[in-house]
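Here are my notes on this one, point by point. Have the model open while you read.

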Amino acid sequence: MLDYHLHLWPHGQRDRAPTLDHVADYCERAGAAGITEIALTEHLFRFAQADALLRGFWEDEPDAALRASMAGYWDDHARADMDAYVACVLEAKAAGLPVVLGLEVDYYRGRMDEVASLLAGYPFDVLLGSVHWIGAWRFDDVDDDLSMAQWSTRDVDAAWDDYTEAIEELAASGTCDVLAHPDLVKAAGFRRAAPEECWDRLVEAAVGSGMAAEVSSAGWRKPGAEAYPAPGLLARFVDHGVPLTTASDAHRLPDVAYRAPDIADILSGAGVQTLRAYRGRRPFDVPAAAEAARR
Ligand SMILES: [Zn+2]
Ligand SMILES: [Zn+2]
């Protein structure tokens with residue numbers, strides 16, 4: 001098993017420099033749950049380097065309240081130093097800890113070439129591709145009243161369509177390696193009655209781009225109360241030979257390897273034998289080793 005989606009900082013926590021001890025604690029907790037390798041994948045938008053490149057991406061959003069909300073969210077997050085983050089994870093790797101250097105990258109419409117240029121200057125092992133917002137609407141920010149109120153004024157099917165389209169564009173950009181939480185649009189608990197068309201498009205996006213898809217326990221911590229991806233979407237990924245990673249998406253130590261045995265059950269139930277790992281953004285397969293998670 002892998003835990004290939006981990007954050008060092010909770011949302012809202014600022015300006016804390018990562019340390020080797022911090023990384024070692026994550027590795028220890030993951031190892032105790034039978035995880036053989038972790039990827040640290042902090043959000044790109046936590047870093048001042050993203051601020052310099054992408055600040056103001058929300059200005060196209062027609063809703064002034066959403067624009068203001070995103071500006072505040074951005075100010076709250078885009079502060080850490082990517083060089084220090086990268087140096088810390090490289091130090092942990094050099095010390096022999098079972099960790100690889102990753103990043104969780106959001107989709108910025110029309111800006112992914114610039115994002116790729118920034119990231120090419122760093123020795124990342126794996127890049128997760130995510131869609132957390134539609135325009136400036138943070139549709140999965142379940143603690144934010146303004147964001148959640150949008151779910152009662154928008155058409156749910158249209159939101160799923162917009163999300164799916166953003167994933168398609170993100171995948172086509174070729175910027176990232178793994179589709180993180182592939183059906184995140186369900187996080188707040190608003191389901192499309194017939195999701196199959198969106199599922200098929202998500203699978204096509206993965207197949208067409210060569211990206212892997214992430215199986216994540218984080219959905220169990222959200223109102224949607226289901227792992228990502230939904231069983232029907234996972235079955236489609238497996239049927240089409242899309243490689244898989246596994247993840248907790250922890251933002252704090254107690255959630256590292258969150259419900260790893262349940263993820264192992266999902267994998268074995270779907271007949272998954274291998275997981276995809278990465279070094280220097282080159283993919284290779286490792287055994288799913290589902291039994292390890294129960295030790
Ligand atoms: Zn995410
Ligand atoms: Zn994440």
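1. A definition before the pockets come up: on a 1 Å grid over the protein atoms alone, a pocket is an open set of points with protein on both sides within 12 Å along at least five of seven lines, a cavity is a set where a 1.4 Å probe fits but cannot get out, and lining residues have an atom within 4 Å of a point. Volumes are the space filled by probe spheres set on the points, with grid points joined across faces, edges and corners.

2. Some housekeeping. This is a predicted model, where local features need pLDDT of at least 70 and side-chain atom pairs count only at pLDDT 80 or more, while totals for chains, interfaces and linings use all residues. Residues are numbered from 1 along each chain as its sequence is written, chains are lettered from A and ligands numbered from 1 in the order in which they are written, and side-chain values use heavy atoms, with hydrogens and water left out.

3. Overall fold: the chain has 10 helices and 9 strands (DSSP runs numbered from the N terminus, helices being H or I of at least four residues and strands E of at least two). Its radius of gyration is 18 Å, close to the 19 Å from the globule rule for 295 residues, so the chain is as compact as a globular protein of that length. That radius is taken over C-alpha atoms, and the rule is 2.2 Å times the number of residues to the power 0.38. Of the 295 residues, 55% are buried (under 20% relative accessible area; exposed is over 50%, partly exposed in between, with a 1.4 Å probe and protein chains only).

4. Now the zinc ion (ligand 2). His 5 (NE2), His 7 (NE2), Glu 104 (OE) and Asp 249 (OD) coordinate it at 2.0 to 2.3 Å. Donors here are N, O and S atoms within 2.8 Å of the metal (3.2 Å for Na, K and Ca), and water is not among the atoms, so sites may look incomplete. His 5 counts as buried because its relative accessibility is 0%, and His 7 is buried at 0% too.

5. The zinc ion (ligand 1) has Glu 104 (OE), His 132 (NE2) and His 181 (NE2) as protein donors, 2.1 Å from it. His 132 sits in the loop between β4 (126-130) and α6 (145-153) and His 181 in the loop between β5 (178-179) and α8 (196-209), so the pair ties together parts 49 residues apart in sequence. His 132 is buried at 9% relative accessible area, and His 181 is buried at 2%.

6. Back to pockets. The largest has a volume of about 550 Å³. Its lining has 25 residues, with His 11, Asp 140, Asp 143, Lys 222 and His 251 nearest the centre.

7. The second largest pocket comes in at about 420 Å³. Its lining has 19 residues, and Tyr 107, Arg 109, Trp 133, Ile 134 and Gly 135 are the closest to its centre. Helix α7 (residues 156-173) gives the most to this lining, with 3 residues.

8. The largest cavity is about 60 Å³, and β1 (2-6), β7 (244-247) and α10 (260-269) each supply at least two residues of its lining.
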